[in-house]
Amino acid sequence: MVFSWLHLAIILFLVGGLLFAGGPLILSYLVAPRARGGDMGMPYECGMRPYGGAWTNFGINYYVYALLFLAFDVDVLYLFPVASVYRVTEGWLPFLEMFIFLVVLALAIVYFWAKGVFTWPRKIS
Amino acid sequence: MAAQNLVAQKPDVIVADPLLNIGPAQQIMDICRSMSLWPMTFGLACCAIEMMAVGMARWDIARFGAEVFRPSPRQSDLMIVAGTVSKKMAPAVVRLYEQMPAPRYVIAMGNCAISGGPFKFKGQYGMVEGVDTLIPVDVYVPGCPPRPEGLLEGLFKLQEKITGKRFWPNPPLNGPYEEGM
Amino acid sequence: MTRNANMEHLAGDFYTNNFAKTAKEGSLILNLGPQHPSTHGVLRVIVEMDGEYVMRAEPVLGYLHRMHEKMAEVKTAAQFIPNMGRVDYGHALAWNWAFVGAAEKLAGIEVPERAEYVRTITCECNRIASHLLWWGAYLLDLGAFTPIMYAFDDREKLLDILQVPTGSRLTYSYFRIGGVAQDLNEDCLGRIRKFIPWMRSRLPMYKDLVSDNIILRKRIEGVGVIEPDLCRSFGATGPVARGSGINYDVRRAEPYSIYPKIDFEVPTSELMDARGRYDVRMIEIEQSLRIIEQCLELMPEGDVLVKGAPKPSWKVPKGETYFAVEGGRGKIGVYLASDGGKNLYRTKLRAPGYCNLSLFAEVSRGTILADAVAILGSLDLIIPEIDR
Amino acid sequence: MDALLKGLPLLYLSACDAAKTGKNWQVFLPAASLVPAAKRLRAADYFLEDICALDCEEGYVVTYHFAHFEKPGRPSLRVVVPHDAPSLPSIASVFGGAEWHERETRDFHGVIFEGNPNFVPLLIDPDMADCFPLRKDPKSRSKTRDILEAGDVVFCDPSFTLMTPDAPAAGQESGGEKAATA
């Protein structure tokens with residue numbers, strides 16, 4: 001594998017990034033005084049001792065938000081290759097295709113909206 | 001300094017010295033710390049309103065670096081005890097102090113936090129007379145409530161305690177502002 | 001998931017254990033605790049959460065209990081006035097008025113005409129400062145940082161005005177039994193006259209900047225609906241009751257001092273939610289300005305302390321009385337009972353915030369946590385007044 | 001007011017001089033008829049202002065102040081409970097706000113209210129829940145008739161001797177116009 005200056009630049013860039021991120025962490029670990037003991041380990045809850053762990057089951061409507069995020073995350077995935085070649089295409093056809101692709105995805109939001117996922121009504125159980 | 005405060009009596013609450021303890025580096029560190037003290041919003045009573053007034057446009061504590069009022073003790077290094085500490089609130093004050101990372105400083109603002117103030121009377125059953133019986137206090141700001149200028153002066157005193165030098169001009173004792181003191 | 005209660009760190013304390021006895025299994029119990037940005041002091045609310053929803057809430061008080069009623073038993077009537085400045089530092093002059101008015105009512109002392117006007121002017125200025133403090137802090141709760149800057153800018157002007165006669169910025173002990181401590185000099189009256197047009201020019205800007213802001217309207221409209229019957233059951237008064245359409249203002253219901261001579265309206269709103277309470281308080285600022293204007297014209301000359309006003313060692317005569325005043329947060333009542341001794345036999349302070357907060361558990365059931373915080377802010381709570 | 005409480009066993013009913021005492025009606029009740037009286041006041045749209053206990057020689061005089069949004073006037077219900085067994089039925093089922101007032105009276109005076117939904121200390125720290133700060137020591141308590149106004153009596157139960165002035169000297173019936181606002 002032919003070694004070229006580009007590879008060196010990439011390695012340097014990588015090391016620089018690591019140093020830039022890790023440097024302050026290591027520095028502060030070395031230089032800062034450390035407080036220990038008492039209720040330092042206790043989870044902070046407005047000055048009170050919390051009751052029970054936070055490991056409880058979640059509401060179902062959060063799952064719907066996750067689905068929506070996933071749909072649009074994958075959507076962006078498909079847009080990357082389009083974006084890279086979009087400059088060299090001409091005419092309205094590519095734009096129209098992309099528009100149809102996005103509209104189909106937007107239907108998901110319309111559906112959830114109609115089902116009332118975005119409204120948080122008062123639950124008087 | 002008051003009699004041994006509660007936190008000092010707890011053997012396991014210690015502030016360990018840093019691994020790398022080089023004098024000049026620590027001095028630079030101290031200047032940076034004193035110029036960016038992040039107070040914790042710990043307003044208890046009337047002094048809390050004066051603490052808010054200090055954060056607002058007219059007295060503008062932002063000029064001295066202490067503008068960011070953090071709600072959580074994890075991200076703050078200055079606890080301004082502004083108001084009366086009742087016996088029901090005492091364990092919470094101690095717990096919040098212990099949950100603050102080092103280096104941590106405490107300003108006891110107002111007569112209630114210093115010595116119980118106007119609520120100290122014979123047969124008083126529900127109040128801790130002075131926060132320094134609970135946690136070590138660095139600067140006392142007297143007043144009931146102290147004027148915002150008083151709290152700013154307290155902050156300068158704390159910065160002087162951290163770095164050993166006062167950066168801001170002294171308040172004009174009599175007459176107009178006098179050059180450097 | 002079994003709750004590892006044996007871990008000492010997660011064991012909760014007396015109130016959470018008592019609260020958890022009737023909690024549903026698997027629900028999360030949180031402390032909206034004493035040290036919390038939105039509780040304006042040290043109010044603790046234990047909430048039982050089901051995901052984002054607050055299933056049940058229980059306010060826990062007493063973290064700022066300052067024993068005012070016990071102090072009243074060891075102090076003479078005159079020594080107790082500074083306490084009145086510290087019960088509710090938002091509207092301290094109303095509490096001064098309640099206590100001093102109760103003592104005058106019991107002893108049958110007549111206050112000179114000018115003192116009545118000085119009291120009304122300073123009390124209404126203090127009410128505007130209290131509403132501005134509430135407005136800034138409420139917007140801060142809802143996440144907007146700019147309005148509190150404007151609110152405190154105006155409030156500082158008011159505090160400079162009130163600082164001249166009273167001598168302090170926040171915790172006033174300015175009223176005396178039989179009048180007030182000091183007269184309003186020309187400079188102070190001039191500043192008040194200059195303040196009124198300034199405040200009137202600011203209110204439209206507040207309306208555009210904040211009141212009609214779509215984010216604020218979305219956050220407080222339809223949130224925290226309080227029916228009039230709920231107000232009656234919990235004894236809520238002041239802007240909380242007026243926001244639910246109850247036309248009740250102590251200045252009109254139990255007229256005291258010169259309020260019958262002053263022409264002002266009592267704003268009510270039929271919205272019954274946080275928006276209604278917000279509108280009522282904003283209109284009240286304008287009404288207070290109108291009251292101050294009329295008082296400035298009608299104010300006669302004369303001294304501000306009745307001849308032979310009681311000395312500090314004055315003993316309250318035998319008997320009991322109850323005197324109510326309209327404070328910034330509602331009906332402030334002071335019950336005095338005295339057996340003619342050096343100190344007062346019993347003093348009961350009726351705090352409006354105490355009753356307004358007691359309906360929070362009812363109103364916040366089933367709302368999401370963000371709305372619960374919006375409801376808490378709309379009740380305009382000052383904690384030392386609740387804990388006394 | 002007497003129309004409102006008709007049929008309930010009362011101990012003492014009098015109209016007071018509102019200009020001096022701030023109250024229009026003063027009703028002494030036996031503990032049993034407290035809840036029915038509260039229900040009638042609730043039906044008549046009164047709201048509970050506060051509950052205040054007065055530590056006198058004869059016992060704790062627990063005073064319930066009521067007020068009305070439309071009608072002026074302030075009726076007050078009073079119940080005398082002995083020092084040794086201070087217990088009362090709770091009216092938290094009738095007035096939701098009474099729960100806190102009762103818990104506060106328990107914190108300060110130690111009066112027990114049966115039926116209060118959540119009867120734990122409210123203002124005082126649970127560890128020192130039984131310090132009852134506002135209780136006076138026996139010798140500094142004074143008689144109820146030194147403090148309370150007799151007012152012009154509408155009805156007085158023969159067995160009720162609390163308010164009857166023992167010596168003629170103390171019999172200063174304060175005239176006061178009859179503020180008969182029900």
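1. Helix α4 (residues 90-98) of chain B is largely enclosed by the rest of the structure, because seven of its nine residues are buried, a residue being buried if 20 or more other C-beta atoms, placed from the backbone, lie within 10 Å of its own, exposed if 12 or fewer do, and partly exposed in between. The buried residues of α4(B) are B:A92, B:V93, B:V94, B:R95, B:L96, B:Y97 and B:E98, and they pack against α1 (6-9) and β3 (78-82) of chain B. Helices (H or I, at least four residues) and strands (E, at least two) are DSSP runs, numbered from the N terminus.

2. On provenance, this is a predicted model, in which local features need pLDDT of at least 70 and side-chain atom pairs count only at pLDDT 80 or more, while totals for chains, interfaces and linings use all residues. Residues are numbered from 1 along each chain as its sequence is written, and chains are lettered from A and ligands numbered from 1 in the order in which they are written.

3. Chain A has an average pLDDT of 88, with 99% of its residues scoring at least 70; pLDDT is the predictor's confidence in each residue, on a scale from 0 to 100. Among the elements of chain A, the highest mean pLDDT, 93, belongs to helix α1 (residues 5-31), and the lowest, 86, to strand β1 (residues 34-36).

4. Within chain A, helix α2 (residues 61-86) packs with helix α3 (residues 93-115) at an angle of about 175°, the axes lying 11 Å apart; axes are lines fitted to C-alpha atoms, for helices over the stretch in contact, and angles run from 0 to 180 degrees between N-to-C directions. That angle makes α2(A) roughly antiparallel to α3(A), since angles over 145 degrees count as roughly antiparallel, under 35 as roughly parallel, 65 to 115 as roughly perpendicular and the rest as oblique. The residues making the contact include A:L68, A:F72 and A:D75 of α2(A) and A:M98, A:L105 and A:F112 of α3(A), where two residues are in contact if their C-beta atoms, placed from the backbone, lie within 7 Å. By class, this contact has 12 nonpolar, no polar and one charged residues; Ala, Val, Leu, Ile, Met, Phe, Trp, Tyr, Cys and Pro count as nonpolar, Asp, Glu, Lys and Arg as charged, and the others, Gly among them, as polar.

5. Between chains B and A, 24 residues of chain B are in contact with 14 residues of chain A, and α4(B) gives the largest share of the chain B side, four residues. That side divides into 15 nonpolar, two polar and seven charged residues. β1(A) and β1(B) also pair in the antiparallel sense over three bridges, with A:R36 opposite B:I14; two strands pair if DSSP finds at least two bridges between them.

6. Of the five pairs of chains in contact, chains C and D share the most contacts, with 37 residues of chain C touching 32 residues of chain D. On the chain C side, β6(C) gives the most, five residues, and the classes are 15 nonpolar, nine polar and 13 charged. No contact joins chains A and D, whose closest C-alpha atoms lie 14 Å apart.

7. In chain D, strand β1 (residues 12-15) runs antiparallel to strand β2 (residues 25-29), joined by four bridges, and D:A15 has D:W25 as its bridge partner in β2(D). Four bridges also join β1(D) to the antiparallel strand β8 (residues 152-156), where D:C156 stands opposite D:Y12.
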